[in-house]
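Please look through the sequence and the structure below before reading the report.

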2 protein chains.
Amino acid sequence: MPIQNLIAYFKDYFPLNTKEENDLAARFSERDFKRRQLVLQQGDVCRHFTFVISGCLKMYAVDQNGKEHNIQFVAENDWATDLSSFYSEKPSQLYIEAVEPTAALQIKHSDLLYLYTNHHKIDHNFRVIIEQKYIDLQNRVLQNISSSAEERYAYFLKQYPNLTNRLPNTQIASYLGVTPEFLSTIGKNLIYKS
Amino acid sequence: MPIQNLIAYFKDYFPLNTKEENDLAARFSERDFKRRQLVLQQGDVCRHFTFVISGCLKMYAVDQNGKEHNIQFVAENDWATDLSSFYSEKPSQLYIEAVEPTAALQIKHSDLLYLYTNHHKIDHNFRVIIEQKYIDLQNRVLQNISSSAEERYAYFLKQYPNLTNRLPNTQIASYLGVTPEFLSTIGKNLIYKS
DNA sequence: ATTATTTCTTAAGATACCTTATGGGTTACC
DNA sequence: GGTAACCCATAAGGTATCTTAAGAAATAAT
């Protein structure tokens with residue numbers, strides 16, 4: 001039961017009682033995505049919070065030249081949503097796409113607001129979760145402004161060792177903000193260093 | 001009364017009742033910082049959430065070569081804290097320093113937890129606040145991985161027009177992740193373009 | 001299994017950005 | 001009001017990273 005994964009995930013933050021669990025379980029629905037299938041596309045309103053049970057999604061933006069820039073990968077026990085579009089209910093600038101066959105749980109805007117309003121603990125948990133994600137993002141900004149591409153790549157490999165094998169290097173390059181060609185030359189150096 | 005600024009700020013998110021206002025006001029204390037004074041230094045535990053009433057702070061990390069990298073500027077009606085150190089109560093990797101004479105309000109860890117526990121609305125507000133800051137940070141990451149230094153500088157000027165005049169370009173360069181010399185040559189180009 | 005598509009590697013030439021250095025202009029501090 | 005510290009501009013040469021191209025290897029689709 002996928003919903004059990006979500007409940008277990010939440011309990012790591014703060015234990016839930018039966019009522020909270022049931023209310024949570026009642027408002028998430030299962031959805032599977034094939035490889036390359038879009039969870040969200042630019043121009044659409046992001047209507048769901050998506051929790052990944054298995055598989056992997058990528059969030060990316062497309063620039064004026066049509067190039068994709070990966071903002072984030074979302075694998076097991078992690079959340080994908082365009083927060084800005086989700087809360088404002090305005091069209092998103094982003095895409096979310098499955099890079100592997102992915103099993104997910106989704107909750108609608110109105111249902112999440114219901115949970116926030118009626119369960120302090122769930123509201124609380126989502127604050128703690130996003131604070132952690134904020135810290136990670138802040139570290140990434142620091143990396144971006146202070147480190148070379150090689151250092152950022154080494155950091156990525158260390159931080160996400162499981163993603164390394166599952167993602168093509170072209171996708172990692174986009175995430176790091178370098179070209180795949182340059183990542184390839186960096187990669188060679190790292191092998192000799194490790 | 002500085003605390004009125006904070007209450008007004010909160011009310012923009014979600015109205016507070018009298019009890020909430022009073023509880024909030026009772027737990028923040030005023031503190032002023034001179035230019036260059038440190039709010040937090042590396043190695044110390046970050047024991048406060050700091051809300052800026054007037055003035056401006058910078059948060060930065062120092063790398064192995066002793067170079068400072070500005071992660072964030074925090075001006076009026078904004079929050080400065082090392083979230084990671086604050087919640088874990090472990091030594092911080094960051095500095096927070098006043099770049100202008102700054103008036104601030106601070107709340108201790110235990111007092112904030114008290115507010116979270118006893119006032120759902122305050123917990124809720126902090127979630128909404130950090131979600132907005134998360135969105136901003138995510139946009140900054142996107143800029144970093146997809147835009148040239150010149151584009152990032154133009155974006156900064158547009159997004160923070162008031163900070164532009166208050167901060168030396170050396171500080172903005174550090175925030176953008178470029179050298180002051182290079183920012184200087186970029187700056188010239190922007191003048192001709194606008 | 002075969003074909004089509006995507007991915008990886010390599011290399012040469014171009015560009016963005018950095019380093020170092022220097023001088024002049026501001027701003028802070030006593 | 002004077003001195004010291006900081007800040008800005010400019011330039012020459014160096015390094016990191018990008019662009020384009022093309023072939024080989026791996027992976028996905030039929």
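The model is predicted. In chain A, the secondary structure consists of nine helices and eight strands. Along the principal axes, the C-alpha atoms of this chain fill a box of roughly 55 × 35 × 30 Å. A compact globule of 194 residues would have a radius of gyration near 16 Å, and the 18 Å of chain A agrees with that.

| Property of chain A | Value |
|---|---|
| Share of the 194 residues that count as buried | 53% |
| Accessible surface | about 9400 Å² |
| Share of that surface belonging to carbon and sulfur atoms | 49% |
| Distance between the mean positions of the 21 positive and 22 negative charges | 3 Å |

Contacts say something about the fold of the chain. Among those between residues at least 6 apart in the sequence of chain A, 72% join residues at least 24 apart.

In chain B, helix H2 covers residues 18–27. Which residues of this helix are buried? They are B:Glu20, B:Glu21, B:Asp23 and B:Leu24. Seen down the axis of H2(B), these buried residues fall within an arc of 165°, so they line one face of the helix. Their cover includes three helices of chain B: H1 (2–13), H4 (109–118) and H5 (120–146). On the face of H2(B) turned away from the buried side are the exposed residues B:Thr18, B:Lys19 and B:Ala26.

Methods:
Residues are numbered from 1 along each chain as its sequence is written. Chains are lettered from A and ligands numbered from 1 in the order in which they are written. This is a predicted model: local features need pLDDT of at least 70, side-chain atom pairs count only at pLDDT 80 or more; totals for chains, interfaces and linings use all residues. Side-chain values use heavy atoms; hydrogens and water are left out. Helices (H or I, at least four residues) and strands (E, at least two) are DSSP runs, numbered from the N terminus. The radius of gyration is taken over C-alpha atoms; the globule rule is 2.2 Å times the number of residues to the power 0.38. Buried means under 20% relative accessible area, exposed over 50%, partly exposed in between (1.4 Å probe, protein chains only). Contact means heavy atoms within 4.5 Å. Accessible areas come from the Shrake-Rupley method with a 1.4 Å probe; for residues, only the protein chains shown count as cover. Lys and Arg count as positive and Asp and Glu as negative; His and the chain ends are not counted. The place of a charge is taken as NZ of Lys, CZ of Arg, CG of Asp or CD of Glu. The arc is that of the directions from the helix axis to the C-beta atoms.
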